Every structure is written in structure tokens, then in C-alpha cells.
Amino acid sequence: MIRTYFNQRAAIWDETVAEKDQTRLGLMAKRLPISPYSTILDVGTGTGVFIPFLLSKVGRNGRIVALDLAEEMLRQARNKGFQGKIYYLNADVMAIPLSNEIFDSVVCYSSFPHFQDKLKALIEINRITRPGGSLFICHTSSRADINRIHNGIPEVISD
């Protein structure tokens, strides 16, 4: 159901829902202690709104894996033609088809509320994160604002 919801909205996501304040996104990214040359997993990358900011953190030699459950969201991200070492992965955060301990950091920008089994997702994220790695769960809106938005959408009301 959640996959269908995001697939159906992918083509209009950036115009209707995505954060449009680049300053807020930039300030949020600036606060993330991500090193150049890092390997990052961007969980719930959606249309790739946050990818340019992650690219600015990891530099030319860093790598980003953009993971999303909704293949249409990934298609929108891929079509933006970001320059850098970006790999797109259509998968569920609760069953990431990758090896153990390969990411320096995992970023969940505006995606964590939508994980259907949060504990299982966290266990899986821990599995693929290197020892000493970091998990960043971040939003540009407050919890109250996010809950207000979700309460008006039947498909994500419980998120």
C-alpha cells in the first residue's frame, strides 16, 4: 500500500510535497557529520531531493546508494542526472539486499515515519552500517507538522 501511494505520486512529488526551501535543506545537511570519501546509504531517497546535499558532503570520491521502495520515485531521482558515484536501489529498508557493514553513514531524510516495521528497519540498518558508523534520522519540519500532514492522508495516517 505504501509503495503504491508513493509510486502514484512520484511524477508530481517535487512540485507538490517535497521541501522547496533549499536553505533549510542546506543547513540540515551542514549539521550532519559526514566525511568526504564516505559511503552513504540514503534510505527513502524518493525523488532525490536530498542527494545534492549528500554529494556536497562526500565529494567526488564518496559514494551514495539511493534506496527507495517505490521504483517510480527512484526513476524521478535517476532522471535528474546527478553527477557523482550514485547507485540506485529499489528495495525495502526491512530487507536490504547488500552485504554487512558497508556504509559509513545511513541517512533517513523524511522517510523514517513511513517504515512499516521500524524495529526491523533499524536492525537492518545496523547490519549494513560499519562499526562506529552513524544513522541520521532527519526532517525539515517538526513532529507536529509532520503528524498534521499525515493525518490528512489516509494512506499514511498511521505514519
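Me: How many aromatic pairs does the count come to in this structure?

Reply: The count comes to 5 aromatic pairs, where rings of Phe, Tyr and Trp (its six-membered ring) pair if their centres lie within 6.5 Å; planes under 30 degrees apart are stacked, over 60 edge-to-face, and the rest tilted. The model is predicted, so that local features need pLDDT of at least 70 and side-chain atom pairs pLDDT 80 or more, while totals for chains, interfaces and linings use all residues. Residues are numbered from 1 along each chain as its sequence is written, and side-chain values use heavy atoms, without hydrogens or water.

Me: Why is the pair of Tyr5 and Phe6 called edge-to-face?

Reply: The ring centres are 4.9 Å apart and the planes make an angle of 85°. The pair is therefore edge-to-face, as the distance is within the pairing limit and the angle is over 60 degrees. Tyr5 and Phe6 also form one aromatic cluster with Trp13.

Me: What makes Ser38 buried?

Reply: Its relative accessible area is 6%. Buried means under 20%, exposed over 50%, and partly exposed in between, with a 1.4 Å probe and protein chains only; Ser38 is therefore buried. Ser38 lies in the loop between α3 (22–31) and β1 (39–43), helices (H or I, at least four residues) and strands (E, at least two) being DSSP runs numbered from the N terminus. Leaving aside residues up to four places away in sequence, Ser38 touches Val58, Gly62, Arg63 and Asp104, contact meaning heavy atoms within 4.5 Å.

Me: How do you know that the charged end of Lys118 sits over the ring of Phe112?

Reply: The charged end is 5.9 Å from the ring centre. The rule asks that NZ of Lys or CZ of Arg be within 6 Å of the ring centre and within 35 degrees of the ring normal. Lys118 is assigned to this class over Phe112.

Me: Which residues touch the most other members of the largest nonpolar core?

Reply: They are Leu25, Ile34, Ile40, Phe50, Leu54, Val107 and Tyr109, in a core of 21 residues. Such a core is a set of buried Ala, Val, Leu, Ile, Met, Phe, Trp, Tyr and Cys residues joined through side-chain atoms within 4.5 Å. The largest share, 5 residues, comes from α4. Apart from this core lies another, of 17 residues, among them Val43, Leu89, Met94 and Phe103. In soluble globular proteins, nonpolar side chains tend to be buried together.
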